[in-house]
Amino acid sequence: MNDIVDPRSLDRPNSYIGRSVPRPNIRKLVEGAARYVDDVILPRMLHAAFVRSPHPHARIVRIDVSAALSIPGVVKAFTGADLAPHCEPWVAVLAHLKGMKSAPQRPLPLDVATWAGEAIVAVVAETRALAEDAAARVVVDYEPLPAVTDMETALDPATPVIHADLGDNLVFERTNESGDVEAAFRTAHKVVSATFHTGRHTGVTLEPRSILADFNRATGQLVVHHSTQAPHMIRDVLARHLRLPEADVRVICGDVGGSYGIKVHVYPDEMAVAVIAKLMGRPVKFIADRLESFSSDIHARDHRIEGRLAVDAAGRILAFDIDDLTGIGPYSVYPRTSAVEGNQVVNLIGGPYDFAHYRARTTVVLQNKTPTCQYRAVGHPIATAVTEGLVDLAAEALGMDPLDFRLKNLMADGSYPRTSPAGMKFEGLSHVESLEALRKMIDYPALRADQVAARARGIHRGIGFASFIELTNPSPFMYGIGGARISAQDGCTVRIDPDGTVLAATGVTEQGQGTEAIIAQIVAEAVGVPMSSVRVVTGDTLATPYGGGTWACRGAGIGGEAALRAGRATKEAALVVAGSMLQAAPDTLDIVMGNIVDRAGGAVRMPLSELGRIVYFRGDTLPAELPRELMQTRHFITTQFPFAFTNGIQASWLEVDIDTGMVNLLKHWCVEDCGRVINPMLVDEQVRGGVVQGIGGALYEHCVYSPDGHLLMGSMADYLTPMAAEMPDIEVGHVETPTRESALGAKGAGEAGTAGAPAAIMNAINDALRPLGARVFAQPFTPARILAALGRIPTETA
Amino acid sequence: MSTSVDVTLSVNGERVARRVEARRHLVDFLRLDLGLTGTHTGCEHGVCGACTVRVDGVIVRGCLVLAASLDGATVETIEGLTESGEIADLQTAFVERNAAQCGFCTPAMLLTAADLLSAAARDGAVPSREAIREHIAGNYCRCTGYHAIVDAIETVATARAGKGRS
Amino acid sequence: MKSPPLGYVRAMDMPDVFRLRANAGPDARVLAGGQSLLPTLAFRLSDPGTLIDITRVDALRGIRLVADGALRVGALTTHAELGRDALVRVRVPVLADAVGLIAHPAIRNRGTIGGSLAYADPAAELPAVCVALDAVVIAVGPAGERRIAARDFLTGLFTTALAGDELIAAVEFRPMPGRRTVIHELARRSGDYAMAGIVLAAGPGTPTHDPRPVFFGVGDRPILATRAAACLAVGGAAALAAAQAALDGDLDPPSDQHGGPAFKRQLARVLLARAVNSLIDARDAR
């Protein structure tokens, strides 16, 4: 009964794993009946707004809230000093990132503002509008300090140190090295190199960050409605830093309007709201508005990467040599830290390829800009762009077709398990099969023929590829071993109710990706009931097993396996009772579509509801010693591999207008291997959404700062997100290499699209521009940058 | 000058009379005064499209309309369109095609799509994928990449055109 | 992002407007479609104290032909109305073409031509169309009407020739038999304000006859490129290249988030070529 999941079982009843079934919880979304944090209204609720620093770096000299408090309906104002005694500061470092350092951070700073947009004073009022009126009337006198803005000079002796106690602006540095890189480059047939930039960008969740904290003085309980990916983690953080017993903190995460990594972090303004609720003993709501989202949601991917690649005369990759520099703002973000992105870059570069010599260094520095941290596909789009950009340069230098060059150098499909030169352990990947599948999907010869014909008409089309790996199903090696209280395990409780319906409570959360659907599919199949009989509970620390939540593509692989095991255990328990009732050996019985049946022949013996009736209401009729737990909990954690890597390849087909520098996306393809696919439709949509998020970073999205540290874009009119008209249709294909670490065999699928898309776009643009001798490596690839690369205009700063 | 204004209007077919703060935009009015939380606030400056509702039969940005200016107006929201069944086929298509993920953009996306579909019905045409993309280009969706949304709208447009002919 | 506290008054006719405005003081703002005004309030970039809602003033509505054959478009005409109006399609089709480039359907249902002109965003389409067509803005105040050429009306970045107590009543487009006008723009995303755009009017006859190229998104207001126009008027094979070169003298674009002056000039040259070619194509197609 506990075999690995076999998709060939699709033709059996209540076999849902592998099927494209609609999400049971989607109907509320299309009827406007979802419940996001801002939809929750509590009695005596107040609204918070923040006074934010207009300066990138400034000493706070004086704060005067008297005019603000004079407005009727404005209840209170809080400064950093007001909140500090009631909240332990935090320092976001991880022990396994050796030498990493950061400064203590508080809900509101005491003395110094360190980025433009940092919350300085909180005001609470009867409505958000009144709170904003009040914030506008708070007077803060600042003494501006020199700002650290350029990451290239952040470590220069002449540059001011942001946190004097740290001694310098260095957060973390690491060199990941194996083999003999120097020798490989010395003896190389060809060496190619480029400098890459990935533009700082941000998540722009359509539902802004949202929190409603409610402290009941009589019970001592803090209930927090929070738009978050990790309710148990937030509960742990609130309990420890507000000095409450963990059992007195309940985090409720209802519907979440998009997260993508943005909502897995501890934000000082949200901590301030929780502290204020505790101090005031009444509910306080904070919904970030779009203006403050841009300067206070985490940013990501502010990197400059110098890369070199060496190949031999046979066209084999010998070595990568990488120098990565990233600026993360003034604080490492709690509790995941802001060094992980750079660390991922040096772990993931070269990932798909078979070569021997590797050196990658990352340097993580502080700056007076919005803090950066983990955002969908952390580090992957950067590593993939660098790797695949260099790979295309090498293919070009050798005069080889980019797909042929990849085929020659990708890790062979039968060569696993193996460890990469960067030290990544791969259980089983399918680079070659994926590439061949993609080649078929795109009709490569036809595209190349079209490209030639178009060029003859003066139209410049390009095709770009990006092979990639993606880290999913993380073990405690990601955060836990570094001391962070971030759970890599997850659990699921499955309960059969008297009427035969099934409840499944899981520690993983729903952010729209379809977690509740796949848990329902797995549990329905594992227990043996129709999916319509399963209800899934997520996002409430009072009601769900302790788990890590949604991050790093772990919901299906970790949460799904726990659900499978809990479902199977519940079925076993039910069959023990059924066996007793029916005077049959439990292993001769089965549960199919909600009925107890004979395993042989399938004859229905009784409905599950009859079992429920007896167990819950007439337990007296069962033998006293008979176990009758129709509720089973199982937890799952990976132990054999630090991560379950997935792989895939993307292709972009586009047209560059060489007169305007504008890029027109014609089509995009992705073949990806996330192991066992539980719901192909949901996986496809994860890939598509991820691809478009990657396209955003590649072509549009950019948090542009002035040289003195002011964020120049602050609205959705000037921060350009991808919109429907410019996006291409995206075809998705699958290869399935299940992980053997679990019976389910699933790996993650949420970040593959974002990981590979920017590289594919970049390579397609450069493929289009190749006959013109132009190349671009700095994202976003704006019209002005493309025209400058073409020599049509001088390089100028906008 | 008055900072509060009396308005009487029809919302989802119900007559509603309220005194509203002059600065309150239509989305806050719907959400805070009437408890109609299916309409969402995404940017409050007219770009994201999450607050799209119908006023006097045409779609508008709810954040760019003051409730005070709507005396006598007819307002329809996702709750009203759901209740009337007007977009039931579109909603079902979104469900079946997984054209919603986090759902925050979805009610507004549906209203915008319904606008296109009724225009298409008037013209007796099935809009192309490009025309669908163009029509929803003012509605930001971070989750789906838009492809599934375009599929769902296209499916309904085709189905409605087929019914019209038979 | 809530608007600062506001007063709201509703005008029912023109005398009402003037009276309410006089009472409300100099900071008060007129509320028409609100599609530009309300975002500035949400950002608290302005604090007008009072809004005077003019959307129920019938005198500001309607599209009709007036005595001299001109098309009079009431200030409250929405972009959507402009886009589907039969008279507009026949008399000033470029207005309808321009509407397709403005924002998105939900915005077009509220935004008005009067609002667009009064807001005077240098990247907006309709002000440039008005300049290219030599339209007349009819301003109305307590003292009566003033007719102001669109080119003189738009005086700079978000500024106009309107006096403090005036508002736009209508825009008039003179009949121009045989003249053709095209609009092209380059925007990063559909519906965005353009990185650069052009409205080119010419004719009757060839595109070299009295060409009037007006650029938007490349200056502090719509810019009539007079040097380029002169080059185009010369005609011949080299005219376009000469006109493109002459744009360096016509345009002095400021930098914006999309790029610097050289970038904007490059786009302007491309747009000029595309506009001229589409006029030629349109003529050939007839």
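This text walks through a predicted model, from its chains down to single residues.

Along the principal axes, the C-alpha atoms of chain A fill a box of roughly 85 × 75 × 45 Å. Of the 798 residues, 68% are buried. Taking the contacts in chain A with a separation of 6 or more, 79% are accounted for by residues 24 or more positions apart.

Chain B can be described in the same terms. Six helices and five strands make up its secondary structure. Read from the N terminus, the order of these elements is β-β-α-β-β-β-α-α-α-α-α. A compact globule of 166 residues would have a radius of gyration near 15 Å, and the 16 Å of chain B agrees with that. The box filled by the C-alpha atoms of chain B, taken along the principal axes, is roughly 55 × 35 × 20 Å. Buried residues account for 65% of the 166 residues in this chain. Of the contacts in chain B between residues at least 6 apart in sequence, 55% join residues at least 24 apart.

The next step is to look at how helices pack. Two packed helices are described by the angle between their axes and the distance between the axes. In chain A, helix α11 (residues 402-409) and helix α12 (residues 431-442) have axes that come within 10 Å and cross at roughly 160°. Angles over 145 degrees count as roughly antiparallel, and α11(A) and α12(A) are therefore roughly antiparallel to each other. Their crossing is left-handed. On the side of α11(A), the contact is made by Leu403(A), Asp404(A), Arg406(A) and Leu407(A); on the side of α12(A), it is made by Val432(A), Leu435(A), Glu436(A) and Arg439(A). These residues divide into four nonpolar, no polar and four charged.

From α3(B), the residues Leu90(B), Gln91(B) and Phe94(B) meet Thr106(B), Met109(B), Leu110(B), Ala113(B), Ala114(B) and Leu117(B) of α4(B). The residues of this contact divide into seven nonpolar, two polar and no charged.

Some loops of chain A have backbone features of their own. Between β16 (317-327) and α9 (340-348) of chain A lies a loop that contains Pro335(A). The peptide bond from Tyr334(A) to Pro335(A) is cis, with omega near -15°. Thr337(A) also lies in the loop between β16 and α9 of chain A. Its phi is near 75°, a positive value in a residue other than glycine. Thr337(A) is buried, with a relative accessible area of 0%.

A cis peptide bond also runs from Tyr416(A) to Pro417(A), with omega near -5°. Pro417(A) lies in the loop between α11 and β18 (418-419) of chain A. Helix α11 of chain A is one of the two helices in the roughly antiparallel pair described above.

Arg44(A) is another residue other than glycine with a positive phi, near 65°. This arginine is found in the loop between α1 (27-30) and β1 (46-52) of chain A. Is Arg44(A) buried or exposed? Residues over 50% relative accessible area count as exposed, and at 54% relative accessibility Arg44(A) counts as exposed.

The last stop is in chain C. Asp250(C) is placed in helix α11 (residues 239-250) of that chain. With a relative accessible area of 11%, Asp250(C) is buried. Which residues does Asp250(C) touch, leaving aside those up to four places away in sequence? They are Ile223(C), Ala225(C), Thr226(C), Arg227(C) and Ala228(C). Ala225(C) and Asp250(C) are 25 residues apart along the chain, and their C-alpha atoms are separated by 5.2 Å.

Methods
Residues numbered from 1 in each chain as written. Chains lettered and ligands numbered in written order. Predicted model: local features only at pLDDT ≥ 70, side-chain atom pairs only at ≥ 80, totals over all residues. Heavy atoms only, no water. Axes fitted to C-alpha atoms, helices over the stretch in contact; angles between N-to-C directions. Helix = DSSP H or I, 4+ residues; strand = E, 2+ residues; numbered from the N terminus. Parallel < 35°, antiparallel > 145°, perpendicular 65-115°, else oblique. Left-handed = near helix turned anticlockwise from the far one by under 90°. Contact = heavy atoms within 4.5 Å. Nonpolar A, V, L, I, M, F, W, Y, C, P; charged D, E, K, R; others polar. Rg over C-alpha atoms; globule rule 2.2 N^0.38 Å. Buried < 20%, exposed > 50% of the residue type's maximum accessible area, 1.4 Å probe, protein only.
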